[in-house]
Amino acid sequence: MSFSEFAIAMALVNAPVTAPPPPTTVTLGFDSAAADVQDMAAPAPLVALSAGEQLFGSIAAATWQPEPGSPAPVQWPVPLEPAAEPLSPGDPLAPVDPAAAAEVDQADPNEIIVTARPRAPKSDPLQSLNADSFSVVQNVDDAVVGPVADVYEKALPSPIRTGLINFLSNLGEPVVFLNYLLQLKPGKAAETLGRFAINSTIGIGGLVDVAKKKPFNLPRRLNGFANTLGYYGVEQGAFLFLPLIGPTTVRDLFGRVVDLSVLPFAVGKPFNQLAYTLPSGIITSLDFRVEQDEQLQKLRDSNDPYTATRELYLQKRQAEIDALRGKSPEKEGGVE
């Protein structure tokens with residue numbers, strides 16, 4: 001501290017103390033109706049300081065040194081901040097319009113707004129992934145599979161398409177026969193074996209389905225290892241929607257792999273070669289697309305095509321398993 005600053009401080013300390021004048025009380029009327037609420041966002045008014053208070057504050061601010069680690073000193077006098085920007089209507093801190101709040105309060109409390117697909121059921125724990133796969137497959141079907149199926153239907157006459165499907169279906173009869181044996185249904189197994197023998201000979205290798213006509217009356221039945229698993233109580237497992245396969249379940253996918261492996265392992269060539277598996281797979285898929293076009297269009301026109309497809313598939317598969325167990329004899333074995 002300099003000598004001049006020390007002298008001023010001593011003069012203030014030794015100055016005679018003069019009692020402050022008594023406060024003057026003024027009674028003012030208060031009109032509550034005309035009173036205005038202070039705007040807290042507006043700058044506060046400056047407080048007038050006496051000359052002695054200003055002088056003493058300046059000396060104290062000039063001589064005070066902060067200790068290490070203490071907060072930075074506050075400026076004296078404290079600078080005023082500019083007035084805050086007015087709050088926009090969307091700001092969370094903005095005042096709420098009483099009229100708008102009343103409208104919200106008057107909303108129907110029982111109204112339910114659904115913004116997403118309901119929680120996945122137990123049968124479809126992978127619903128989100130399956131729905132994405134379903135969407136991709138539908139886009140591919142619109143762009144590729146559907147147009148190709150139309151060309152396939154128009155380019156090949158119906159007798160040729162029917163002959164090709166009969167031929168491929170006849171090659172699957174040994175798998176149907178084997179699964180009827182596993183399900184302890186020797187009668188159905190014998191009928192299937194008879195169909196295979198008749199169509200493979202009289203039906204020119206299966207191109208013509210002679211066995212379903214008189215005098216044989218042996219309709220084609222659908223059966224496979226997935227049905228055998230379901231017949232013995234194996235649960236279907238999680239629902240899946242896979243590219244190139246479509247709707248299936250864990251049980252049905254495993255059964256499909258077993259069915260497709262019987263001829264390649266039991267017979268070998270040509271059933272284990274790409275020259276057979278690729279064309280047969282394409283023809284089967286295109287024929288299915290043509291035959292199911294109307295059903296697929298109905299599913300697409302539903303409110304939730306994915307859920308409708310899943311429920312239809314699961315119901316159909318359960319009906320086929322129930323038929324094998326004798327709950328609906330008229331549909332046993334998926335008669336076609």
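**Helix packing and local backbone features**

The axes of helix 4 and helix 10 (residues 274-291) come within 9 Å and cross at roughly 90 degrees. Helix 4 is therefore roughly perpendicular to helix 10, an angle of 65 to 115 degrees being counted as such. The structure described here is a predicted model. On the side of helix 4, the contact involves D141, V145, G146, V148, A149, Y152 and E153, which meet I283, L286, D287, R289 and V290 of helix 10. Seven of the residues in this contact of helix 4 with helix 10 are nonpolar, one is polar and four are charged.

Helix 4 also packs against helix 12 (residues 305-324), the two axes coming within 10 Å and crossing at roughly 105 degrees. These two helices are therefore roughly perpendicular to each other as well. Helix 4 contributes Q127, N130, A131 and F134 to the contact, and helix 12 contributes P305, Y306, T309 and R310. The residues of the contact of helix 4 with helix 12 comprise four nonpolar, three polar and one charged.

Charged side chains were examined next. Side chains of opposite charge can pair when their charged atoms come close. The model contains 15 salt bridges.

Most residues other than glycine have a negative phi, and most peptide bonds are trans. The peptide bond from K214 to P215, by contrast, is cis, with omega near 5 degrees. P215 is located in the loop between helix 7 and helix 8. A cis peptide bond is also found from K269 to P270, where omega is near -5 degrees. P270 lies in the loop that runs between helix 9 (250-266) and helix 10. L184, although not a glycine, has a positive phi of about 60 degrees. This leucine, L184, is situated in the loop between helix 6 (173-182) and helix 7.

Terms used:
Residues numbered from 1 in each chain as written. Predicted model: local features only at pLDDT ≥ 70, side-chain atom pairs only at ≥ 80, totals over all residues. Heavy atoms only, no water. Axes fitted to C-alpha atoms, helices over the stretch in contact; angles between N-to-C directions. Helix = DSSP H or I, 4+ residues; strand = E, 2+ residues; numbered from the N terminus. Parallel < 35°, antiparallel > 145°, perpendicular 65-115°, else oblique. Contact = heavy atoms within 4.5 Å. Nonpolar A, V, L, I, M, F, W, Y, C, P; charged D, E, K, R; others polar. Salt bridge = Lys/Arg side-chain N within 4 Å of Asp/Glu carboxyl O.
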